Amino acid sequence: MTSSPIIKQSDLISPDAPWWQSTVGYQIYPASFCDSNGDGIGDIVGIISKLDYLADLGIGFIWLSPVYASPMVDNGYDISDYFAINPMFGTMADMERLIAEAAKRRIGIVMDLVVNHTSNQHAWFKAAQSDRNSQYRDYYIWRDEPPVKGSDADITATFGSSAWSRCAESNELYFHLFAPEQPDLNWTNPTLRSEVYKMMNWWLDKGIAGFRMDVIDLIGKQPELGIITDGPDLHRFLQEMYEATLAGRDAVTVGEAWSATVSTAPLYCAPQRRELSMVFQFAHVTQFWDERLGKWKPKAIDWPLLKSTFAAWQNALHGKGWNSLFWGNHDLPRAVSRYGDEGEHRIGSAKALATVLHMMEGTPFIYQGEEIGMTNAAFTRIDQYRDVETLNFHRIQRMEGVAEEDFLAGARANSRDNARTPMQWSASAQAGFTDAKPWIPVNKNHTQINVEKDRSDPNGVFQHYSRLISIRRENAVVRHGDFQLFLADHPNLFAYQRRLGTSVLLIVANMSSHLVSIPPSEMPQITGRDLITGRTASSAVGTTLQPYESFVLSFSSGQN
Ligand code: TEU
Ligand code: CA
């Protein structure tokens with residue numbers, strides 16, 4: 001096993017545990033992070049200029065959303081060349097400099113690996129569609145006629161409409177689980193698989209720290225049988241990929257798996273299976289979507305239900321596999337807007353959410369702007385949106401008779417663009433993100449919510465995240481302790497204990513905007529040091545918590 005160039009094993013408290021279990025990831029959505037050349041679009045040089053900021057925060061790696069060559073139908077999740085950088089984001093030399101500059105600060109670069117599909121502008125697809133005898137033909141999935149309605153192969157794409165589109169050139173239908181411009185790759189073709197592994201090795205050899213794998217639970221699909229997730233060959237492919245690329249390297253791999261359950265997750269991430277480092281699953285997200293209208297009609301957050309979901313995952317994976325911990329990403333609304341309070345208690349709720357998430361077992365991911373408590377976009381008109389999914393569903397739902405205001409209300413809550421408005425660096429025009437007109441509007445609240453302002457506040461959100469990251473690094477119990485939920489049915493208090501040997505942490509947060517007293521419970525009555533404030537504090541029954549107050553008490557079980 002070669003050791004990671006990024007984080008030295010000797011720096012870690014448990015040198016036996018992999019480096020990515022002691023640190024925190026930070027997701028950058030390149031188009032919206034920092035624009036260095038005044039074209040209104042974030043870029044790689046912009047990211048390099050903010051590496052010191054990320055080093056101050058204390059993160060260990062960046063998950064970089066796609067920067068590969070792409071026609072940008074789905075903002076880079078439609079790749080036309082895996083070996084090239086989109087000129088909009090910079091050059092390969094910029095990318096190499098990013099890897100090197102990040103490494104100097106002990107930050108790894110985790111690339112987004114989008115290999116469930118390519119762009120329809122990829123050379124493989126162009127060759128495949130123009131010539132039935134092309135060697136690339138079988139890299140994709142074809143059909144002569146549309147499937148019979150209601151038959152197994154009659155599948156709807158994630159972005160709406162049929163997953164089978166007619167190819168004008170060959171007059172056949174090809175399969176795509178996302179936009180028609182994102183044809184799905186046929187993973188049953190061994191040559192295609194080896195091309196993907198070659199490409200992965202090429203990037204790993206450049207010194208990247210690993211991959212976040214886009215919709216990796218879909219690569220075993222068998223559309224003719226109606227099988228999309230958990231296909232019969234899925235794990236065989238992942239094991240083959242591991243041996244061909246990851247074995248002998250100290251890379252991290254994060255598998256996006258919307259379909260993963262507490263029972264299927266270990267199949268991806270149990271270490272002895274040699275597949276992925278961790279899963280990135282969405283049980284806590286999708287449980288609050290409508291049965292019929294999905295994300296476009298979100299349900300209110302029910303804390304007892306949410307807590308029980310986290311607890312189930314904590315307990316199911318403990319000692320078996322590794323999970324990711326996150327509130328948001330580029331596909332989801334902003335954490336404070338969805339789970340907290342974007343008004344009066346914005347700062348408090350951002351901190352409480354961070355506390356309860358970061359003290360669990362798993363690798364936390366911070367989505368850009370979350371560390372200063374950024375909120376949803378608050379767009380009021382459809383022409384402010386850019387996201388292909390939002391625009392498709394707008395068209396579809398309007399056709400189905402959904403009123404404009406109703407659609408806009410759903411989009412305001414859950415459109416992917418909520419997370420994609422530019423990073424708010426300062427109160428100046430365009431939030432210090434760009435000098436030009438940004439590709440998507442800046443949130444009007446940047447005058448109040450921005451990095452400069454938050455960091456000048458010792459009680460700001462950034463400081464809190466930074467503290468939580470140090471607590472994780474310094475306390476093995478955060479990484480490997482067991483988990484016990486307290487007050488499971490309490491509507492506002494999120495309370496749990498982590499325990500490793502004699503070292504115990506008690507985490508309590510009031511997830512509401514009113515005062516809440518801790519009721520009698522099975523929770524230990526102890527006094528310990530609050531790792532966040534450094535004060536001596538107590539978990540005593542009757543203690544009253546301020547709105548969104550949270551604490552992390554550390555004590556030794558020998559003392560009580
Ligand atoms: O997301 C997978 C995915 O299924 C989401 O699009 C999700 O279903 C949707 O937001 C829910 O409404 C990944 C990427 O994270 C996303 O940005 C890409 O658009 C998608 O894959 C296709 O590559
Ligand atoms: Ca730019």
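**Ligand and calcium sites in the predicted model**

In ligand 1, an oxygen atom lies 2.6 Å from a polar side-chain atom of E389, a polar contact being a pair of N or O atoms within 3.5 Å. Taken alone, ligand 1 exposes 490 Å², of which the protein buries 95%, with accessible areas computed by the Shrake-Rupley method with a 1.4 Å probe. The structure is a predicted model, in which local features need pLDDT of at least 70 and side-chain atom pairs count only at pLDDT 80 or more, while totals for chains, interfaces and linings use all residues. Residues are numbered from 1 along each chain as its sequence is written, chains are lettered from A and ligands numbered from 1 in the order in which they are written, and side-chain values use heavy atoms, with hydrogens and water left out.

Further contacts to oxygen atoms of ligand 1 come from a polar side-chain atom of D74, at 2.4 Å, and from an N or O atom in the side chain of H330, at 2.9 Å. Around ligand 1 there are 18 residues, of which D74, D214, K295, D331 and E389 come nearest; a residue is counted here if one of its heavy atoms lies within 4 Å of the ligand.

The calcium ion (ligand 2) is coordinated at 2.3 to 2.4 Å by D35 (OD), N37 (OD1), D39 (OD), I41 (O) and D43 (OD), where donors are N, O and S atoms within 2.8 Å of the metal (3.2 Å for Na, K and Ca), and sites may look incomplete because water is not among the atoms. Along the chain, these donors follow the spacing D-x1-N-x1-D-x1-I-x1-D. N37 counts as exposed because its relative accessibility is 51%, whereas I41, at 16%, counts as buried; buried means under 20% relative accessible area, exposed over 50%, and partly exposed in between (1.4 Å probe, protein chains only).

Technical notes. Polar contact = N/O pair within 3.5 Å; in protein donor to acceptor, adjacent residues only side chain to side chain.
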